[in-house]
Amino acid sequence: MDRSTGTPLGFVLVVLLAIGFGWALLGHAHSGTALSSFGTTSSVSADYAAAQAEPALVWPQEMPEPMTNYVGRRVNAFGLRVTSVDADEGFWVEKDGRTAWIEILTPTESPYIVLPGQTVSLSGSVYPHDPRYPTEIFFCPDRQASAARLAAVPTHIAIKVESLSFGNG
């Protein structure tokens with residue numbers, strides 16, 4: 001039997017594997033959603049890469065302007081007070097009167113339990129989002145006010161799970 005030509009099923013499986021691998025490498029849905037509003041289609045990669053190449057800023061001390069002015073910038077933050085944990089892999093923080101939504105980027109359940117009142121430090125990047133962004137997040141059933149609050153702000157800080165630490169950092 002000659003198998004040099006392959007089979008349609010084999011071809012489909014290879015294509016699906018390639019798509020899945022690409023999806024995993026690119027950070028699945030989050031990066032597409034976050035970057036879709038960052039510049040025009042042709043300049044998204046260049047704009048984002050340029051912002052990522054800049055030195056990390058300390059939030060909020062080195063970021064006095066609205067966070068929309070820092071989209072794509074890397075951010076370090078130390079000694080943030082967790083004000084509420086309203087979603088799976090997402091919570092609000094406060095420091096010096098400024099608040100931000102933190103999204104933990106992880107393909108699985110994070111190993112941490114974040115609680116209101118805790119102090120955390122982290123490293124991540126500022127991402128834009130549109131008002132539909134909260135629908136992509138699993139909010140606790142009784143936290144729709146938090147989802148509405150998040151829909152009203154155009155940015156959040158996304159972090160990799162390993163960049164989160166508890167305490168002043």
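**Entry 1: a salt-bridge network**

I began with charged side chains and found Asp-86, Asp-142 and Arg-143 linked in a network of salt bridges. The model I am reading is a predicted one, and I keep that in mind for each entry.

I looked up the two links of Arg-143 in turn. Arg-143 forms a salt bridge with Asp-86, where the closest N and O atoms are 2.9 Å apart. Arg-143 sits in the loop between β5 (119-128) and α4 (144-152), while Asp-86 belongs to strand β2, so this pair ties together parts that are 57 residues apart in sequence. The side chain of Arg-143 also meets that of Asp-142 in a salt bridge, at 2.8 Å from N to O.

Next I asked of each member: buried or exposed? Asp-86 counts as buried, because its relative accessibility is 5% and the limit for buried is under 20%. Asp-142 has a relative accessible area of 60% and is exposed. Arg-143, at 29%, is partly exposed.

**Entry 2: another salt bridge**

How many salt bridges are there by the rule used here? The count comes to four. I noted down one that involves Glu-94 and Arg-81, whose closest N and O atoms are 3.5 Å apart. This pair links distant parts of the chain: Glu-94 is in strand β3 (residues 90-95) and Arg-81 is in strand β2 (residues 74-87), 13 residues apart.

Glu-94 has 19% relative accessibility and counts as buried. Arg-81 has 41% and counts as partly exposed. For my own reference, I wrote that side chains of opposite charge can pair when their charged atoms come close.

**Entry 3: helix α4**

Which residues of α4 are buried? They are Ser-146, Ala-147 and Leu-150. Seen down the axis of α4, these buried residues fall within an arc of 100°, so they line one face of the helix. On the other side of α4, I found Ala-145 and Ala-152 exposed.

I also looked for what covers the buried residues of α4. The cover includes β2, β3 and β4 (98-105).

**Entry 4: aromatic rings**

I searched for aromatic pairs and the structure holds three. Trp-92, Trp-101 and Phe-139 form one aromatic cluster. Which residue lies over the face of Trp-92? I found Arg-149 there, at 3.7 Å from the ring centre.

**Entry 5: the whole chain**

I finished with the chain as a whole. The chain has four helices and seven strands. I wrote down their order from the N terminus on as α-α-α-β-β-β-β-β-α-β-β. The chain has 169 residues, and buried residues make up 37% of them. Among contacts between residues at least 6 apart in sequence, 66% join residues at least 24 apart.

Last, I looked up the confidence of the prediction. The average pLDDT of the chain is 80, and 73% of the residues score at least 70. Where does pLDDT stay under 50? I found this over residues 20-42, for which the model has 25 contacts beyond four places in sequence.

Conventions:
Residues are numbered from 1 along each chain as its sequence is written. Side-chain values use heavy atoms; hydrogens and water are left out. pLDDT is the predictor's confidence in each residue, from 0 to 100. Contact means heavy atoms within 4.5 Å. Helices (H or I, at least four residues) and strands (E, at least two) are DSSP runs, numbered from the N terminus. Buried means under 20% relative accessible area, exposed over 50%, partly exposed in between (1.4 Å probe, protein chains only). The arc is that of the directions from the helix axis to the C-beta atoms. Rings of Phe, Tyr and Trp (its six-membered ring) pair if their centres lie within 6.5 Å; planes under 30 degrees apart count as stacked, over 60 as edge-to-face and the rest as tilted. A charge sits over a ring if NZ of Lys or CZ of Arg is within 6 Å of the ring centre and within 35 degrees of the ring normal.
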